[in-house]
Amino acid sequence: MRLLFLAVLRPHTGNAVTAKRVRDHLEAAGHLCILRDVFNFESPAEIADLIAAENLDAALALHLYRGGRLLQGHQIPFGVIFGGTDLNEDANQLEKSEVMGKVLEEARFAVAFTESMKEKAQTQWPHAKGKIYVQSQGIVTTPNAAFDWDTFLQRSDISQSADALHVFLLICGLRQVKDPLYLVDAFSEWHQEEPGVYLVIVGPEVDPEFTREVKAKVKRAAGVRLVGEMPQEDLHAVVKNCFALVNSSVSEGMSAAILEAMDLEVPVLARNIPGNAAVVKHEVTGLLFSDPQEFVQLAKRLMSDPALEREIVANGREYVRRHHSWQVERDTYQSLARKLAPGSEDSL
């Protein structure tokens, strides 16, 4: 089959990584998969032109509202993958919710990353009950073996000796839903007490206005550093070398960065929101915090309790191996793609 795959392809974001991984799964089954950034299209008419020009048989969209609505009415079968924004934000707006409901009516299947996302979707759009499948993200990490951690620290203006250093890493695109400034004040205060602790924020500049706000705040904050986007292999190497990975998002579908940290045997401290709590079980596979002060308390506890760190790391790695298999994810998407093949309507 010749497939169009619409996704949000901002560089080095979770969506882009997921989209490229799913594309690889589909191409491994012999399909031609044309991956396009949803933000390059303004109307369904432009999609219709692409479908005709490329002689496409079917389509897939990551994000119901942003991508799925562009696939309606083209007389080719399509499937959709829920993004966190779909269920955590867009579903709460009546007009967007109605659009997504109509997308689900036409879609052959929909994929949710977690059972809780599936339940939320089924409650919101009961007519879609029979076509929502749960497939968690498959995780593969590829840290660059040649990456120089000391050089990274120097470039980040972190001059502490490695022995005294505890780097907490926050990976996110600079936009408000990721809330990268949530911990900055509390962390900066802690750094002034303990100069060996640093918060390093890594990610692409997604929202220009908000990026300016982040840069201005970080510039004034002791112990907090901002680093631009990095190649995936280098980013995995940074995760592997840091003390702990941090997630402070307001909402998440399923954070690939959290799962990658678990796979790389790095402890995770995550904000206690539904998307994070679905993968981080407090004091088992990671630590969940509800406010910046609790974050600092838990971070201090992690630093002073090596047994807790070892237990969390071991449990996190086992969780990823058991529940986020790349091969299982591949099998699922290759199987679902068959629902888009000509003549498959009768078997649905």
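The model is a predicted one.

1. Arg108, position. With that numbering, Arg108 falls in the loop that joins helix H4 (94-106) to strand S5 (109-112). Its relative accessible area is 16%, and Arg108 is therefore buried, the cut-off being under 20%.

2. The Arg108 side chain comes to 2.5 Å from the backbone oxygen of Lys339. A separate distance concerns Pro208, which is 100 residues from Arg108 along the chain. Between the C-alpha atoms of Arg108 and Pro208 the separation is 37 Å.

3. Ser249, position. Ser249 sits in the loop between strand S10 (244-247) and helix H10 (256-263). Is Ser249 buried or exposed? Ser249 counts as buried, because its relative accessibility is 2%.

4. Ser249, surroundings. A polar contact of 2.8 Å links the side chain of Ser249 to the side chain of Glu252. When neighbours within four places in sequence are set aside, Ser249 has contacts with Val177, Lys178, Arg271 and Ile273.

5. H1 and H14, geometry. Helix H1 (residues 14-28) and helix H14 (residues 326-337) have axes that cross at roughly 65° and come within 9 Å. The crossing of this pair, H1 and H14, is right-handed.

6. H1 and H14, contact residues. On the H1 side, the contact is formed by Arg21, Val22, Asp24, His25, Leu26 and Ala28. H14 contributes Trp326, Glu329, Arg330, Tyr333, Gln334 and Ala337. Sorted by class, the H1 and H14 contact holds six nonpolar, two polar and four charged residues.

7. H12 and H13, geometry. How far apart are the axes of H12 and H13, and at what angle do these helices pack? For helix H12 (residues 292-304) and helix H13 (residues 306-323), the axes are 5 Å apart and the angle is about 100°. H12 and H13 are therefore roughly perpendicular to each other, a term that covers angles of 65 to 115 degrees.

8. H12 and H13, contact residues. Arg301, Leu302 and Ser304 of H12 make the contact with Pro306, Leu308, Glu309 and Ile312 of H13. The class breakdown for H12 with H13 is four nonpolar, one polar and two charged residues.

Definitions and conventions:
Residues are numbered from 1 along each chain as its sequence is written. This is a predicted model: local features need pLDDT of at least 70, side-chain atom pairs count only at pLDDT 80 or more; totals for chains, interfaces and linings use all residues. Side-chain values use heavy atoms; hydrogens and water are left out. Axes are lines fitted to C-alpha atoms, for helices over the stretch in contact, and angles run from 0 to 180 degrees between N-to-C directions. Helices (H or I, at least four residues) and strands (E, at least two) are DSSP runs, numbered from the N terminus. Angles under 35 degrees count as roughly parallel, over 145 as roughly antiparallel, 65 to 115 as roughly perpendicular and the rest as oblique. Contact means heavy atoms within 4.5 Å. Ala, Val, Leu, Ile, Met, Phe, Trp, Tyr, Cys and Pro count as nonpolar, Asp, Glu, Lys and Arg as charged, and the others, Gly among them, as polar. A crossing is left-handed if the near helix is turned anticlockwise from the far one by less than a right angle, and right-handed if clockwise. Buried means under 20% relative accessible area, exposed over 50%, partly exposed in between (1.4 Å probe, protein chains only). A polar contact is a pair of N or O atoms within 3.5 Å; within protein, one must be able to donate a hydrogen and the other to accept it, and residues adjacent in sequence count only if both atoms are side-chain atoms.
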